Amino acid sequence: MRKRTIPRWRAEATPLLGLCGASLAMALLMTVAMLGLIFSQGLGLFWQKRLVRLQLRDGSRWLGEVWSRETVPDPTTGRPVRRIALHHGNRDLWGTAFRWIDEADVVGWEYPPDAVRIERLAWGPAFGQPRRVWVGDKPFVDPVDVRDPVWQELFASVRQDRRVLQDVEDQIDEVNDRLERLRRQELRLRYRSASDPSAQAALQAEKARWERVYGVLALRRTTLIERLQQYVLEVTAADGTALRIPLAQITAVIPANRMGLGERIRLYARRYWELITENPREANTEGGVFPAIFGTVSMVLIMSLAVVPVGVMTALYLREYARQNWLTRVVRIAVNNLAAVPSIVYGVFGMGFFIYTVGTAIDRTFYPWMAPTPVFGTGGLLWASLTLALLTVPVVIVATEEALLAIEPEIRHGARALGATQWQTVRHVILPAAAPGVLTGLILAIARATGEVAPLMLTGVVKLAPDLPIDDRFPFIHLERKFMHLGFHIYDVGFQSPNVDAAQPMVYNTTLLLLVIVVALNLTAIHLRNRIRRLYHGGSM
Amino acid sequence: MAVPWEVWARIGRQWRDYRLRRQWADAVARVAIRTGGLLVIVAILGVAFVLLAESWPLFRSPALQPVAVGVSPEQAFLPVLATTLLMDDYGETLMGIAPDGQWHLLAWPSLRRLQTGVLMPPTEKVDSTPPTPSVTAGWADPWGRRGAVARPSGQIWLWEATWNWQYEGDRRTLAGLSVQALPWVQVPLAPDEAVTRLTVLAGERLEQTQVAALTSRGRLFLVVSQRAGGLFDEKWVPAVWEVQPRPPQMTALAIAQGYLYVGTSEGDVWVYELQEAAPPVRREAVRLYPEDPAPVTAMTTLLGRFALAIGDARGRVCVAFPVRRDEGWQFTRVRDFRPQDGAIRSIVPAQWTRGFLTLTDRGTVAWHHSTAGTTRWSARLAPTAWSHAVIARDMGNVLLVDAAGRGHAYRLRDPHPEVSLRALFGRVWYEGYDRPQFIWQSSSGSQEFEPKYSLVPLIFGTLKGTFYALIFAVPLGLLGALYMGQFMHPTVRAQLKPLIELMAGLPSVVLGFVAGLWLAPRAETWFPALLVWHGAFLLGGLTSPLVWRLWPWKPQERSRQDRLKLVLVALWLTALFLTCLAFNRAIEQVFFGGNYHRWFQERWGWAYEQRNALVVGFAMGYTVVPIIFSIAEEAIATVPRDWIAGALALGATPWQTLRSIVIPASLSGIVSAVMVGFGRAVGETMIVLMATGNTPVLDPSPFVGFRTISANLAVELPEAAVGDTHYRVLFLSALLLFGFTIVVNTVAELLRERVRRRYYQR
């Protein structure tokens, strides 16, 4: 037989192994790059830049923040052209807030020291130089300097007034809620057709009382608003137009070109604080995402209540109770399939089953007087939570099973040998030992649920919910309410909003927030699991 | 029945007894956990059941059932002209106009006479009742609740029926019918001539009606109303035209939007185009069945007034409409239905959908649907001929009229007539299109819109997205897993795994956001560089061992070496990537003549959209990589260590061991990894929603977006009306998606189980 030698390059095939290694490196690189991208893009957007005034060749002047620069080929000549995206604000004056400016057209750059960025409740930020404050048609502070104590005192008092106004509005909200409750009671009475005139009369009297309260509050609100509307700040925009902004609309005046580093850092921190504590404004493109965080958290909590018992029970069944036979195989395949079914299908199921079957049945049985307005027969917190519980239950099962598997059989045998029943063993020995595993599963389930959006779109998430799902009004947890969600917020603001450019800081930072939450949850779970593994395996695995 | 006290006492005693109590607890826990464990199966079956239950009604067969009420024989004879019959919105009453010029309101199904009046213009006095017979022909347009009658003098009157419903809470009562009449136009007739047949197309207002009238001498007149007067005192003035040239033997008439159609005894349809202020112009004469012509006996326009349903003397039924060709609009027979056993006497369109009833002279009734392209139901209901029928707007209440003028009440049950397997999965020739196509276009504002429920574009989009995701993810995931499972130090492996898990944990909404808002615009600029990058990656990967060999400072420890190798390769790849980007313009110059948009447009006919299949494929691939990676890695890790050690001890190189031991041994696991990745990509929703144009097009070009089943569900299901056809079709698509992933995943799981059992034996 002829001896066949294999050439060394074929035997070792080092380049191919290199390719394998490169694939792994690529996958890891992409993860790092993705995280880095979101962080680098997101973190910069809340940093207050200096305000620049550009003098263009055609004589026009623009004041604003340089958003980004890029080099693009000129459409006619094909030569690369550098251009600037300028955020010039004042959408109420010019209709847009952004503009691309060719760098070649710019003849003058300057940073006017008195230029300010004005954050306000409508129309996005305004940029300009403050001139004077008017009260009615009389100049009140002239000229105005935003560093001046006079201005600061005035602004503080306006803010105080606005806080009062907010109080009044909260009270009006409360009254509206009462009236809504009374309306429901009335519907209920009418539905029962209990011709109980005294109850009817009492109801009407109560209603009249609250309507009177409402009237008083509304009057108060009107006077407050009128008073607030008197104070107007006049700002000169870049093109010389006088922009008059009621002080009541202004949330902050930022003298961006006269701020020290400390002030900038404080402003930066304040913007993040606002992001997580405030309500959204202006079609969600400004303000904060507090209701979305709140909605996400409440949904996840309710989901946890459902997912843990079911997940743990299934895992116990598979590992502690069932003999390993065809049935456990089927269960295992079912668990696996449950994990693999596309999330949107759960959304469809949640809609068809929870909302339109269970929900309408509940409405028919318990809320017939509300017809045709659905209570539970429409998307809401409960249905979304249950849908997500179904979606995430395999995660809990798998993690719990792993934890159960890690418990040495001797421990079980010991407990049984001491005379404990199976349930006692499970209850007092197995479950405490497996608790970290269950927790890992729960954290992973929460991480998954936090990032999941598609099923929620069918089961109760909305872009703007008027009320939080949990509040201080009876019965405190409103399972039927629609809610906001961070992930959906990203989709909505980034893709459905009419003004995508202006929404960029918002959407990047919401993404950042979601990512931080999800990554933190995942890392916690991974850390926890590694600890369990080390505990039971005593080494690396 | 009250439980005796002793029983309670016994339970109490047992509860106090610790041993018994713990046995109880044990038993209860056992049952509870068993049930809980099986809950997972229940959940899967429940999902399947709900999806099935919601989409099942789409395929329930329709039925036309007689409504059994005691209709007395004398009541069964309708006093009115069958062609003037109209039914109200709720299907509770009928109205029609009698030859003597009276109108009658009849109850459905008892045909009791509820109200009678004289068709009279508002100005004329009631006592000057015209002498009988005062109506020679009549027609009702079911969509407009309007119609026309011809008087013996040749005068044509328009009329409009209004049902005066009164609503009180949930209750509804009919206060009566009022019929408004409008003497409209005089058709120039010869002394012994009379109008024998009318057909009407109602406009937005009563005066905007178009009427075609056939006389006893075989002349055809067309009355078209034309706008006159200014912007504010707008008036509509009718103009009478005699239609020339006219076909020899006219047997059927129909007016659709812009056209007058005349069917002849030779089996032709003559098409006239209606003109502004001019007589209609003959466009063409189309022989419906050139090989075997038969007289056209019935014609009607369908919902939307665009398509025509036509029946002939041999019982053949077809739908035809104008189709745009290069040489102009051509009237084309588009689809055929099941032939009936006798001559078609009448065709009655439904008002809520593109369905129609055909009635024959042998007593057969059939229910067809144009879009579905099927004869949904047919039966011989009577021994005698039918003459006409009327269908209620929504409820499916039907009154069939036989040749003797007797009315028969029926109820049509068919909630989803537009769905058939052909309509869902086949090419359908929709109205206004030039050929049969696969189209998904579920709704629009108009009631007359023809819904297009072809699932093919969605399935195509799903597979297209999955394809691009997998060509990206499979090599990366599998090769990476091979490397990690086979060549890496366990310590490094344990350190890197969390990073991969993190990758799997990234929410898809974040990826979709990055792909749609950040990557898509940049990918457009950098496209040439990214294209070349694929080659550069291959090159970089293959040369990476060289980089390692040339690297001067190598640590001693294996684990440190592995870590450093990875870092070096990553740096090397990054450097190559940045080089590609730097030469972006140059690459575009060299390969694409300076403009790749134009290059692809000219060579391949592909226009570049910013949010396209490649971008989505990349983002979806990103989600799939960690899944493929971890399952494949697990499969590789389960290959027994001693096999590998044995191979290496016999002198095999690591590559040879990998090729001939590890890969064959873990093959089913690897296949399973790809399948699970496939299942995941199929169901991805948010990325598709955010990073594609989301248009349901059938275009294989990688530069065009698509719409997947899942994205379609997310977009359309919240808007769909519960129980509607659209809603159920969406559930059907969800069922498809569900079934598909279940099958793929179960097969993958069985494969994986095989691996586990082979090596673990436990």
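The legends below describe close-up views of a predicted model.

**View 1. Domains of chain A in the predicted model****.** The domain assignment divides chain A into domain 1 (52-127), domain 2 (130-260) and domain 3 (290-537). Between domain 1 of chain A and domain 2 of chain A, the C-alpha centres are 34 Å apart.

**View 2. The contact between domain 1 and domain 2 of chain A****.** On the side of domain 1 of chain A, 21 residues are in contact with 22 residues of domain 2 of chain A. About 1,800 Å² is buried between domain 1 of chain A and domain 2 of chain A, and carbon and sulfur atoms carry 63% of this area. Within domain 1 of chain A, the residues that lose the most area to domain 2 of chain A are Val116(A), Ile118(A) and Glu119(A), which together account for 27% of what that side buries.

**View 3. Elements and polar pairs where domain 1 of chain A touches domain 2 of chain A****.** Seven residue pairs, both at pLDDT 80 or more, are in polar contact between domain 1 of chain A and domain 2 of chain A, whereas the count of salt bridges between these domains is zero. On the side of domain 1 of chain A, two or more residues each come from strand S2 (61-73), helix H3 (91-94), strand S6 (116-120) and strand S7 (126-135) of chain A. S6(A) gives the most to this side, with five residues. By class, the side of domain 1 of chain A that touches domain 2 of chain A comprises 14 nonpolar, one polar and six charged residues.

**View 4. The interface of chain B and chain A****.** Here 99 residues of chain B are in contact with 91 residues of chain A. Chain B and chain A together bury about 8,400 Å², with 78% of it on carbon and sulfur atoms. Of the area that chain B buries against chain A, 8% is supplied by Ile33(B), Phe513(B) and Trp655(B), more than by any other three residues.

**View 5. Salt bridges and polar contacts across the interface of chain B and chain A****.** Two salt bridges are found across this interface. Glu501(B) forms a salt bridge with Arg529(A), in which the closest N and O atoms are 2.5 Å apart. Across the interface of chain B and chain A there are also 17 residue pairs in polar contact, both residues at pLDDT 80 or more. Helix H2 (residues 18-55) of chain B provides the largest share of the side of chain B that touches chain A, namely 22 residues. That side of chain B divides into 68 nonpolar, 18 polar and 13 charged residues.

How values were computed
Residues are numbered from 1 along each chain as its sequence is written. Chains are lettered from A and ligands numbered from 1 in the order in which they are written. This is a predicted model: local features need pLDDT of at least 70, side-chain atom pairs count only at pLDDT 80 or more; totals for chains, interfaces and linings use all residues. Side-chain values use heavy atoms; hydrogens and water are left out. Domain bounds come from an automatic or database domain assignment. Contact means heavy atoms within 4.5 Å. Buried area is the accessible area (1.4 Å probe) that two parts lose on being put together, summed over both. A salt bridge is a side-chain nitrogen of Lys or Arg within 4 Å of a carboxyl oxygen of Asp or Glu. A polar contact is a pair of N or O atoms within 3.5 Å; within protein, one must be able to donate a hydrogen and the other to accept it, and residues adjacent in sequence count only if both atoms are side-chain atoms. Helices (H or I, at least four residues) and strands (E, at least two) are DSSP runs, numbered from the N terminus. Ala, Val, Leu, Ile, Met, Phe, Trp, Tyr, Cys and Pro count as nonpolar, Asp, Glu, Lys and Arg as charged, and the others, Gly among them, as polar.
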